[in-house]
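Hi,

Here is the structure I promised to pass on. Have a look first, and my notes follow below.

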Amino acid sequence: MPLYAFHCRDCHHSFETLARFDETPECPACGGAHVERQLSLIAKPAAGGDTDAGHSCGAMSGGAPCPGCPALAG
Ligand SMILES: [Zn+2]
């Protein structure tokens with residue numbers, strides 16, 4: 001299973017876990033089910049020009065990272 005990043009809308013905890021594509025885990029911090037999947041940096045496809053598909057951060061291209069930049073996490 002691929003590794004996905006999730007964000008809890010209840011307690012704003014961010015975490016990564018293995019999950020099926022159609023599966024949403026519980027928040028490990030509060031046990032809430034209001035968890036939303038973040039764009040996976042790990043499984044991001046090779047550069048192809050589809051830059052509108054998600055968050056475009058300066059850290060990806062040598063620029064300044066955004067606040068709380070996922071590219072710098074972990
Ligand atoms: Zn939570």
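**What I found**

Let's start with His 12, which sits in the loop between β1 and β2 (helices, H or I, of at least four residues and strands, E, of at least two are DSSP runs, numbered from the N terminus). Before going on, two bits of housekeeping. This is a predicted model, where local features need pLDDT of at least 70 and side-chain atom pairs count only at pLDDT 80 or more, while totals for chains, interfaces and linings use all residues. Residues are numbered from 1 along each chain as its sequence is written.

Back to His 12: its phi is near 65 degrees, a positive value in a residue other than glycine. His 12 has 10 other C-beta atoms within 10 Å, so it counts as exposed (buried means 20 or more other C-beta atoms within 10 Å of a residue's own, exposed 12 or fewer, partly exposed in between, with C-beta atoms placed from the backbone). The turn that holds His 12 belongs to a hairpin of β1 and β2, with five residues between the two strands.

Zooming out, the chain has zero helices and three strands, and along the sequence the pattern reads β-β-β. Of its 74 residues, 7% count as buried.

The strands make an open sheet in the order β2-β1-β3, with antiparallel pairing (two strands pair if DSSP finds at least two bridges between them). β2 (14-18) and β3 (35-37) are at the edges with a single partner strand each, so one side of each has no neighbour in the sheet. Ignoring direction, neighbouring strands in this sheet are turned by 40 degrees against each other on average (axes are lines fitted to C-alpha atoms, for helices over the stretch in contact, and angles run from 0 to 180 degrees between N-to-C directions).

Now the pairings themselves. β1 (residues 3-8) pairs with β2 over five bridges, in the antiparallel sense. Along that pairing, His 7 is opposite Ser 14 in β2, and Phe 6 has Phe 15 in β2 as its bridge partner.

Glu 26 lies in the loop between β2 and β3 and counts as partly exposed because it has 14 C-beta neighbours inside 10 Å. Neighbours within four places in sequence aside, Glu 26 is in contact with Gly 31, Gly 32, Ala 33 and Val 35 (contact means C-beta atoms, placed from the backbone, within 7 Å). For the chain, residues 24 or more positions apart account for 30% of the contacts with a separation of 6 or more.

Cheers

Notes:
Contact = placed C-beta atoms within 7 Å.
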